Amino acid sequence: MPLHLSLGLGKQALELVESEAISLDNSIKEANGEASPELVEAFQKREELTVECANLEELLEGDNEAINSTEEKLRSFIAETASYHQKEGRRFTTHTVEAVKARERARELKKDRDGQQQQAKQHQDQLKAAKEQLTTITAKINNLKGPFQRKLDGVLEMMNLKKQVYHKGALVGNDVAKILHPGNIGKIVNCFKPLKVKLQHGEHKVFSDQRNMNKVSTLLTKLSQCFQLYSPSTPLCRHEVAFLAVRCASFGHWFPKTFPNTNLLRKFHVLTFHVPEKAISKHTVGMEAEHCSESIHPVVNRLERTYATTQNTCDRLALIAKSQWLQSNSTLTNFKKPKHRNRSDAIIITEEE
């Protein structure tokens, strides 16, 4: 899918640009006689905390699913054996073997639920502590950043680019489009202009050169040229299909040679092989995207809030599905509420009468 293809490759491209800025800043610190291991250690700690937050979020999501499942099972079981749990005062009304077993089973389910809730609370506390440490280490890194990183951060801030810190630095589709926009590529490349720095001994040394700028510019430009053809949900003519195939092949040959130590994602294989293949066979790539399914998410979320008071999960999902179908069914006429007349319209109508 074009969206997820852009998210993966765009995130990797931005990380490579940031690593280039970090490398230049580290070279400045080494030439200036400053100790850079502190900065390297801070980045490693941030990476560890990011992964830890992502893992804790997955664990917490699993805990919540388990709690909901146990709670649903407990409610269903108590509803089926309701007569066994009735009391008169402090004593149960039924004392048969089945009733005793039913009450024991209910106690076991409640114990399991309480244990799961306790585990979820522990994971929640751990996640909160990890996020606080991540905030602290991020502030420390911002203070330790060099001139190239600060210039790059300033450009990204002007673009209103916000990486999702608690989701392994993931981007959204609009952010990728901003990074790969031809006008913004020039601003990012300008961050790597040669910089003359005065060292401790009074000497001056120039860091970065045209080679660094060309590397960053070529990376973003080649990816942007592919993005401009495979992303729009429009049909492609035969010339555009040929251009897309050439650009994907060019990126596929250039990238591994320029960044030999970088892992090649599966999305890299999709871009260099399957995207031209689909364009040749279908004369489009973006028209088979997931825009329609993605647009359903806010509708379903709104309906979930609407039917949140429905306790039974199956009934709630059935109501959501029915309402969503009614809203999207093209054979049904749209119901429009009558417009309310304001007071001025009412006065005008009264005067005319």
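User: Which residues is Arg103 in contact with, leaving aside its neighbours within four places in sequence?

Analyst: In this predicted model, Arg103 touches Tyr84, His85, Phe92, Thr94 and His95. Arg103 belongs to helix H3, residues 97-144, and its side chain reaches the backbone oxygen of Thr94 at 3.0 Å.

User: Which side chain of opposite charge is nearest to Arg103, and how far away is it?

Analyst: Side chains of opposite charge can pair when their charged atoms come close. For Arg103, the nearest such side chain is that of Glu104, 8.3 Å away. A salt bridge requires the nitrogen and carboxyl oxygen to lie within 4 Å; Arg103 is buried and has no salt bridge.

User: How many salt bridges does the whole structure contain, and which residues are linked in a network?

Analyst: The search finds eight salt bridges. The network joins Glu71, Glu72, Arg75, Arg113 and Asp114. Within it, Glu71 pairs with Arg113, with the closest N and O atoms 3.3 Å apart. This pair links distant parts of the chain, Glu71 in helix H2 and Arg113 in helix H3, 42 residues apart. Arg75 pairs with Glu72 at 2.7 Å; these two are three residues apart in helix H2, and therefore about one helical turn separates them.

User: How are helices H1 and H7 oriented towards each other?

Analyst: Two packed helices are described by the angle between their axes and the distance between the axes. The axes of H1 (residues 2-31) and H7 (residues 210-230) come within 11 Å and cross at roughly 170 degrees, so H1 and H7 are roughly antiparallel. Among the residues that meet are Leu5, Leu9 and Leu16 in H1 and Val216, Leu219 and Phe227 in H7.

Technical notes:
Residues are numbered from 1 along each chain as its sequence is written. This is a predicted model: local features need pLDDT of at least 70, side-chain atom pairs count only at pLDDT 80 or more; totals for chains, interfaces and linings use all residues. Side-chain values use heavy atoms; hydrogens and water are left out. Helices (H or I, at least four residues) and strands (E, at least two) are DSSP runs, numbered from the N terminus. Buried means under 20% relative accessible area, exposed over 50%, partly exposed in between (1.4 Å probe, protein chains only). Lys and Arg count as positive and Asp and Glu as negative; His and the chain ends are not counted. A polar contact is a pair of N or O atoms within 3.5 Å; within protein, one must be able to donate a hydrogen and the other to accept it, and residues adjacent in sequence count only if both atoms are side-chain atoms. Contact means heavy atoms within 4.5 Å. Axes are lines fitted to C-alpha atoms, for helices over the stretch in contact, and angles run from 0 to 180 degrees between N-to-C directions. Angles under 35 degrees count as roughly parallel, over 145 as roughly antiparallel, 65 to 115 as roughly perpendicular and the rest as oblique.
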